[in-house]
Amino acid sequence: METPADASQARPDGPGEGPHTPPLAAAAWRDLCTDCGLSRTTDPKRCGRACQFLRPDYPTMERRVHGRARAPEQYPDELHFGVHRRMLQAGLREPLPGAQWTGITTRLGERLLETGAVEAILTVTGAPEDAWRPQPALVTEPAQMATCRGMRMGYAPLLALLEAALARGYRRLAVIALPCQVYPLRVLEHELPLERLEVIGTPCADNTTTERFHEFLGLLTPEPERVNYLEFRADYYVELRFRGGGKEEIPFLQLPISRLPSDFWPLTCRTCVDYTNALADLTVGYMAGRGEQWLIVRNERGEQLLELLGDELRCSEPRSGGKRRGPVQGFIDNTERAAGGMPTRGMPDWLRPIVGRLMPYIGPRGLELARARLEMKAAESLIHLHRAAPRRARSMVPDHVRQLVSGYRISGITEAGGDGEGQDSGGPAA
Ligand SMILES: Cc1cc2nc3c(=O)[nH]c(=O)nc-3n(C[C@H](O)[C@H](O)[C@H](O)COP(=O)(O)OP(=O)(O)OC[C@H]3O[C@@H](n4cnc5c(N)ncnc54)[C@H](O)[C@@H]3O)c2cc1C
Ligand code: SF4
Ligand code: SF4
């Protein structure tokens, strides 16, 4: 089976064959920056008003993009997942080889180009020298989407290609991007001479540099160079697949997290406030999908994107199971104990494999797992920002993120005594 890494290593480079990556200007230095590409454009000063890491204004941006801000008093799940019309558990009936999950994202890109809805797609492919390294790409042919499949760890200056796309005369664009790339794109969208913009987002957490990711692979397996697939699955296992065949499943609790250096995850990804890509038209993830993909359809454009897939898509209602409060408070306590470094081990080694096997059955599942993950991210962001950049904590953390952890005990940040319930939201039971 072709895999993401194999696909991109075989990537043809010439225009008309593989996706095009024009030469990129150097990045300007910025504190707390994931190099979304804006600082490499002809007007790098726009970072000051567009960056997610400065003073994000989600209510205003949600109103601009979706027509209204999130309304948790009316729709309780919007506190966690942002504005949406519906959420789905879904998969392609015929999964695309080499995709991260079933390839909904890739197929959407293909359909947008096949139907002529857009002229070009900004997304990422693998760099020629290292298939794990994301490299921004301008895709104009449906077949080129195949070289972009799969998850890559690292930062791709995607928005640097906006000017190249406009210079080529493209006015109908789609962008497939991470939350910290979508936020600045949305701030600037109305200033761009575009007739149409479709934004397909993926959730994102725990990204790091490609170099750091290779170190992690080296701790997981004696053959890191053969790994061509990695996923932190919703059943609490990391799945590795190997070039030439074979796969390995490692319970989260047995990951060598305590052997990673304390700066393994940059402060940006430890403090990022938009796990679900709240400003995308359609978010394509997996965390609430109980082994399938998880779709958050946010607006009418998102509905139209899904229509492009027709019967190719198999859908069902997302479900919930288990209780998140205990695991989330445990994560918070552990993060605080680690004092800015890696979470410490809170359990003897002999117990870890047993608990690791039980977690898929007793831990939060489906939507409850996704809510838990969002609350953990919110707590992590607040704890790290209060420690490393307290002034940023005041400007960078939106109110809805603070509300996510208001029922938990976090020293110096929340007033909860730890006995109250976390934010409760609806959702059918598993
Ligand atoms: C760093 C990272 C962390 C993620 N964390 C989560 C998570 O915690 N929870 C969750 O539900 N989902 C997460 N996702 C999304 C998930 O891994 C899948 O990408 C998503 O579910 C789509 O699956 P698919 O089969 O439709 O994708 P595919 O059809 O295989 O397409 C994947 C798309 O993602 C793009 N992409 C891959 N790597 C990058 C990158 N580094 N930067 C920008 N774009 C990229 C590719 O260009 C491609 O268009 C994460 C993705 C990334 C890149
Ligand atoms: S807008 Fe992008 S390039 Fe500019 S500081 Fe933020 S992440 Fe970095
Ligand atoms: S975790 Fe957040 S900051 Fe890091 S790459 Fe993902 S969206 Fe960007």
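Ala, Val, Leu, Ile, Met, Phe, Trp, Tyr, Cys and Pro count here as nonpolar, Asp, Glu, Lys and Arg as charged, and the others, Gly among them, as polar. On that scheme, the shell around ligand 2 consists of nine nonpolar, two polar and two charged residues. The structure is a predicted model. Its chain has 430 residues, of which 45% are buried.

**Chain overview**
- The chain contains 15 helices and 13 strands.
- Of the contacts between residues at least 6 apart in sequence, 69% link residues at least 24 apart.

**Largest nonpolar core**
- The largest nonpolar core is made up of 89 residues, and Ile 121, Leu 122, Ile 200 and Ala 379 have the most contacts inside it.
- Helix α13, spanning residues 367-388, contributes the most to this core, namely 11 residues.
- Domain 1 (4-205 + 273-316) and domain 3 (322-430) each provide at least three residues of this core.

**Surroundings of Leu 122**
- Leu 122 is among the residues with the most contacts inside the largest nonpolar core.
- With neighbours within four places in sequence set aside, Leu 122 is in contact with Pro 136, Leu 138, Leu 158, Leu 161 and Leu 162, and also with Ala 165, Leu 173 and Val 175.

**Ligand 2**
- Ligand 2 is surrounded by 13 residues.
- Two helices, α2 (47-50) and α7 (179-188), supply at least two residues each to the shell around ligand 2.

Key:
Residues are numbered from 1 along each chain as its sequence is written. Chains are lettered from A and ligands numbered from 1 in the order in which they are written. This is a predicted model: local features need pLDDT of at least 70, side-chain atom pairs count only at pLDDT 80 or more; totals for chains, interfaces and linings use all residues. A nonpolar core is a set of buried Ala, Val, Leu, Ile, Met, Phe, Trp, Tyr and Cys residues joined through C-beta atoms within 7 Å. A residue is buried if 20 or more other C-beta atoms lie within 10 Å of its own, exposed if 12 or fewer, and partly exposed in between; C-beta atoms are placed from the backbone. Helices (H or I, at least four residues) and strands (E, at least two) are DSSP runs, numbered from the N terminus. Domain bounds come from an automatic or database domain assignment. Two residues are in contact if their C-beta atoms, placed from the backbone, lie within 7 Å. A residue is near a molecule or strand if its C-beta atom, placed from the backbone, lies within 6 Å of it.
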